[in-house]
Amino acid sequence: MKKTLLAATAVVVALGAAYVGSSHFVGRQVQQHLRAQTDRLTTQMPFIKVTEQGYERGLFASTRTVSVQLGCDRAGAAHLPGRPPGALEFTLRDRIRHGPLLEGGTWGAASVQTELVLPPVLQSFVDQAFNGQPPLSIRTTIGFDRRYDARVVSPRARLEGKPGQQVVWQGLQGRFTGGGDDGAIHQEISMPGLEMSDSDQGVRMVLSELHWKNDGRLLGDSAWLMASGRTEGRLGLVEMNLPLPMPGGGDVRPFLFALTDLTLEAEGAAEQDLLHTTSRLHGSGSLDGVRLDRIELVASVKRVHAPSYQHLVETLMQQSFSCEEDEEADPLAQLAALQSDLMQLLRYDPEYAVEKLAVESGGQRGEVSYAFGVQGVTEADKDLPPLQLLATRARARADVSLPVAWIARLLDQPQLRASGAAPEPEMLEVLLDQFADQGYLVRRGEHVTASVRYEAGRLLLNGQPLPIGRSALR
């Protein structure tokens, strides 16, 4: 019996010692991982600076503090009224529980509860706005494979400025996962609403029911640039109410613009280091009392060389947002570095296009599309000035189709009528026929259309080289 009890005790002690040892080892690995992630982020985003970092490591739990500075605190820089002088500074305090056994009996390397610590001058303001609740709560689980799963919560808040000014924040919830060797990430955000208003000025902006989800893979070793993936978004309402001055000055009238039931779908892929993305947006809305029954947008980006794009972004970030002032930096050398990165990007014939921007209203439809890119850039073009390069290698196209009734409605606005700039309604058809005769547009039933093409230094309007006019059409 004694031998059995001694053996059981030895097993318990051995298991306890093993758990303590494993917890200590996991805690050390988590410390190294968190430090590496911080270094990676600050290297790629130079406007984020870690001013102080501390780590108190225990057997089963640790505490990490990271003091962060956003922006630069340069002598003589202008500061916004009501904002503390200098860059924004705050501290993130991580309370870390070591694995392998975490809350709820789950297994993992660590669980981290992050809290935001603000300077006293901001903390009192935030406490009042958020009614004493923490403005941001982040809870993260880190697996043994270094993958993280972070849950972010921000409660409701009300911020009041001058009399009549206020911001109502309905809160936010988010989930972010990633960190694995494959670069796969998941991002998801839900925001019930945001309202900003100034009753004295008659200004109001509302955003409600935002839901956004993204699944994809990061570009190379980037901490935030995406290489491929799928994005889905939904927005219930975007509304802007502004006062517009009436002709003659003095009086104003309300102007309302709203977009409703917006849905977004976007897909991106990389083939042989070339990025391709396509985005589709659908919704409806209203513009100054005119109902927009349907809004449709299709946009694409083609043939963006991923390594060149990443290097160009990193160069821009370092030159534009770094807080390290180099008095000996040569602006011409910096410009040459940017041009070199850009040339590498242009050699793959990139193109950005709005394939379709269509609006339906009152049973009629208007549509606009355009694209811009380059083609045929080679190593021999690297010393060309940017304008000369674009003149010879750029390609562009634009097409527009509008109902004549929309043009008449636009010209019938009180402001234009009062200024005398708008033609009389009976003259509109005459003017459109004149423009069509001169080649500036094409009449197609109840619509007018126009087409512009630019390639190899030639500019065409409706298929005719510029200048367009009677002499050009004969």
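Select F435 first: in this predicted model, F435 is partly exposed, with a relative accessible area of 36%. A search of the whole structure finds 1 aromatic pair, and F435 and Y440 form it in an edge-to-face arrangement. Their centres are 6.4 Å apart, with 85° between the planes. The pair counts as edge-to-face because the angle between the planes is over 60 degrees.

Proceed now to the interior. In soluble globular proteins, nonpolar side chains tend to be buried together. Select V68, L118, F130, W169, L219 and L275: of the 25 residues in the largest nonpolar core, these touch the most other members. Which elements give two or more residues to this core? They are β2 (61-70), α2 (120-129), β10 (184-198), α3 (306-321) and α4 (331-346). The greatest contribution is that of α3, with 4 residues.

Keep α3 selected. Its buried residues include A306, S308, Q310, L312, V313, T315 and M317. How far apart are the end C-alpha atoms of α3? They are 22 Å apart, which agrees with the span of 22 Å that 16 residues should give at 1.5 Å a residue.

Return to W169 and display its surroundings. Leaving aside neighbours within four places in sequence, W169 is in contact with F130, S154, P155, R156, A157, M191, G193 and L194.

Finally, select L259, L262, I295 and V359. These are among the 8 residues of another core, which lies apart from the largest one.

Notes: Residues numbered from 1 in each chain as written. Predicted model: local features only at pLDDT ≥ 70, side-chain atom pairs only at ≥ 80, totals over all residues. Heavy atoms only, no water. Phe/Tyr/Trp six-rings, centres within 6.5 Å; stacked < 30°, edge-to-face > 60°. Buried < 20%, exposed > 50% of the residue type's maximum accessible area, 1.4 Å probe, protein only. Core = buried A, V, L, I, M, F, W, Y, C linked by side-chain atoms within 4.5 Å. Contact = heavy atoms within 4.5 Å. Expected span 1.5 Å × (residues − 1).
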